[in-house]
Structures are given as C-alpha cells and as structure tokens.
Amino acid sequence: MKRKQKNTRALQWHPAFYACARIEFSEEAEEFYFNNEYQLGTKPKEIDVLIIKRNPDRKIQKNIGRIFRRHNIIEYKSPTDYLGIDDYYKVYGYACFYKADTGKEDAVKASDITISFVCFHYPYKLVKHLREQRRLYVEKQEAGIYYIIGDMFPIQLIVTSRLSPKKNLWLCCLTNSLRQEEMDRLIKEYGKHYNDNLYKSAMNLIVHANQDMFEEGKEMCDALMELFKDELETARRTGHQIGRREGRQKGLMEGRREGRLEGRREGRLEGRLEGRLEGRLEGRLEGQKEGRMEGIFAMIADNLEEGFSVGRITQKLEKRFGLTEKEAQEYMEKYEAAHSPFSPKVDSREQ
C-alpha cells in the first residue's frame with residue numbers, strides 16, 4: 001500500500017533526539033551529566049546536547065560513546081535537515097568557545113573535549129571537504145559510526161540511517177521513514193518502558209512522523225498497538241488542528257478575494273443607480289431654473305408692452321415669484337441685457 005507523504009515541518013526532532021540519546025546511554029546513565037540545549041555565554045548560542053562524564057577515567061562501553069572524554073558536545077540534524085560544511089566549523093567554534101568561557105585559565109582542557117555530529121543523511125560534501133581541503137581522515141569504526149582523525153578535538157560522525165538496529169534501536173528509529181522490522185522491534189521495546197517519560201518523548205515524535213505506518217500496524221498486533229492509542233490520538237488531533245488552521249487561512253484568503261469581486265460588482269451597480277438618481281435630480285433642477293427664467297422674462301416682456309414702469313414690474317416679480325427686491329432687479333438687468341441690440345445674446349439658463 002502506498003503511504004501518503006506526511007508533513008513533518010512542525011515536528012520537534014531535537015527533544016526526541018535528546019531522549020533517544022539518553023535512552024542509548026541508559027545502561028551507563030550514572031556516568032554522565034546530560035544537558036539539553038546548553039547555552040554558551042550570555043548570547044543566544046546553544047549546543048544541542050552537552051554530555052559531561054562524572055568520572056573522567058571511566059571507559060564508556062556504548063558504541064556511540066567510546067570516543068567520549070570529560071566534555072562531549074553533540075550537534076544533531078533531523079531527517080529533514082542536512083549536515084553541511086559550515087555546520088562543522090560552527091560547532092568546532094562552539095567547542096573552542098566552551099573551552100574558553102570558564103572564567104578560569106585553562107579550566108577545561110582541550111584534550112578533554114570531543115565533538116559528535118549526529119545526522120540522518122551521510123554528509124558527502126562535508127566528508128569530501130575534510131579529506132581534500134583539510135587533509136583529515138574519515139574512518140569507519142562500525143555501522144553508522146565514523147571517526148574524523150587529524151583535527152585538534154576527537155570528532156565522530158554518527159549517521160543514524162546506517163546504525164545497527166540491534167545496537168542503536170532508538171536512534172535508528174528516529175526517522176520519518178520507519179521500516180516494518182524496525183517498528184516491530186520498537187513496539188516490543190517500548191512495551192517494557194511504557195511509563196518512562198524519556199521513552200514517551202521519543203515515541204511521541206516517532207509515531208507522529210510515521211503515523212500511517214503505525215495505523216497499518218494496528219491490524220497486525222492490536223494488543224501491542226493498544227500501547228500507542230494515546231500517541232496516535234495525539235497525532236490525529238495535532239493533524240486535525242494543523243489542517244483546520246491551514247483550511248481557515250486558505251478560506252480566509254478565498255473569502256477576501258470573492259468579497260473584493262462582489263464588492264466591485266455591487267459598487268458598480270450602486271454607482272450606476274446613484275449616478276442615474278443624481279442625474280435626474282440635477283436635470284430636474286436645471287429644468288426648473290430654465291422654466292422659471294423663461295416665465296420671469298415673459299412677465300417682464302408683457303408688462304413692458306403694457307407700459308408699466310421698471311419699479312412697478314419689479315414689485316410684480318417680487319410678489320409673483322417670491323423674489324427679493326435685489327433678485328427682481330437682477331432679473332430686470334438680465335432681461336435688458338438679453339434684449340439690448342448692442343449686447344450679445346444671453347442664455348436664459350445663466351444667472
């Protein structure tokens with residue numbers, strides 16, 4: 001069955017890696033102080049994981065910890081990330097800063113520091129750079145573990161996708177492409193530590209990153225998969241919330257676009273209606289003004305023919321059209337100007 005591609009952008013890989021690292025060293029946990037996201041100095045520079053040996057002389061048996069000395073700096077890259085050339089120098093700089101930032105001269109010996117790079121993808125470009133540009137040796141110690149030899153600090157490269165599931169089960173399973181045999185082994189191992197928060201932290205991430213795989217596995221082993229009902233429910237709920245949030249954002253954008261289009265259509269319609277109403281009103285007012293002017297001029301002409309004086313005609317205009325004395329005189333002047341043989345013809349619409 002073809003699985004759907006899962007969106008893993010929101011997954012928090014680093015806390016799960018910290019839990020897996022502690023699980024890997026569980027048999028020798030009393031030998032270490034574990035520090036997650038150890039801050040360097042007062043500015044925001046953090047080491048992903050810092051592991052300090054309690055007894056510097058005690059030899060570590062775990063395969064990924066055999067290189068360890070007193071102070072062990074670990075940089076982790078998730079399956080969705082890649083270990084690059086500049087990452088190597090950044091963490092190398094962290095190691096130098098960690099050595100110097102003690103407040104006491106040479107309190108941390110350079111010989112007591114190691115660096116571990118943990119990643120899912122084998123960093124071909126980085127290895128080529130170290131071999132060709134730095135003349136360092138990259139030697140395979142066992143499956144997934146490589147020592148970088150020739151630099152000031154002891155450095156190892158751990159490629160989780162190449163580790164042995166028998167020796168490093170939890171780091172092997174810290175992936176978004178879990179295999180069936182790994183899942184079966186992981187289920188059995190988790191069943192022994194179901195109430196341990198470290199195992200829960202690691203398992204929550206693994207289930208979220210491989211949700212389809214675990215849901216298919218339910219049909220194979222209902223008894224064991226009962227252990228994961230909380231994790232699967234959390235994964236479903238998280239996916240539902242993410243989908244709802246993305247759907248709401250998309251719907252909001254589409255709604256705004258549709259609203260703008262509808263607003264433009266409604267605005268054009270309202271504009272046409274308002275324009276028609278305003279045009280009618282203006283036309284009616286202009287017509288009334290023209291008709292009023294023509295009526296006043298006709299009355300003036302009739303009264304002049306009958307021999308009435310200008311003063312008497314003005315009084316009649318005031319009474320007939322409700323004009324003031326000044327307005328009546330202005331109409332008389334306009335009439336005389338319009339009918340004078342020496343003046344240009346005046347449009348009756350002008351005031």
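This is a predicted model: local features need pLDDT of at least 70, side-chain atom pairs count only at pLDDT 80 or more; totals for chains, interfaces and linings use all residues.
Residues are numbered from 1 along each chain as its sequence is written, and side-chain values use heavy atoms, without hydrogens or water.

**View A. Helix α5 has a buried face.** Buried means under 20% relative accessible area, exposed over 50%, partly exposed in between (1.4 Å probe, protein chains only). Helices (H or I, at least four residues) and strands (E, at least two) are DSSP runs, numbered from the N terminus. Glu182, Met183, Leu186, Ile187 and Tyr190 of α5 are buried. Seen down the axis of α5, these buried residues fall within an arc of 135 degrees (taken from the directions from the axis to the C-beta atoms), so they line one face. Lys188 and Lys192 are exposed on the other side of α5.

View B. A salt bridge puts a side-chain nitrogen of Lys or Arg within 4 Å of a carboxyl oxygen of Asp or Glu. Glutamate 189 pairs this way with lysine 192, their closest N and O atoms 3.7 Å apart. The two sit three residues apart in α5, about one turn of the helix.

View C. Aspartate 151 meets arginine 134 at 3.2 Å, N to O. Aspartate 151 lies in the β6-β7 loop and arginine 134 in the α3-β5 loop, so the pair ties together parts 17 residues apart in sequence.
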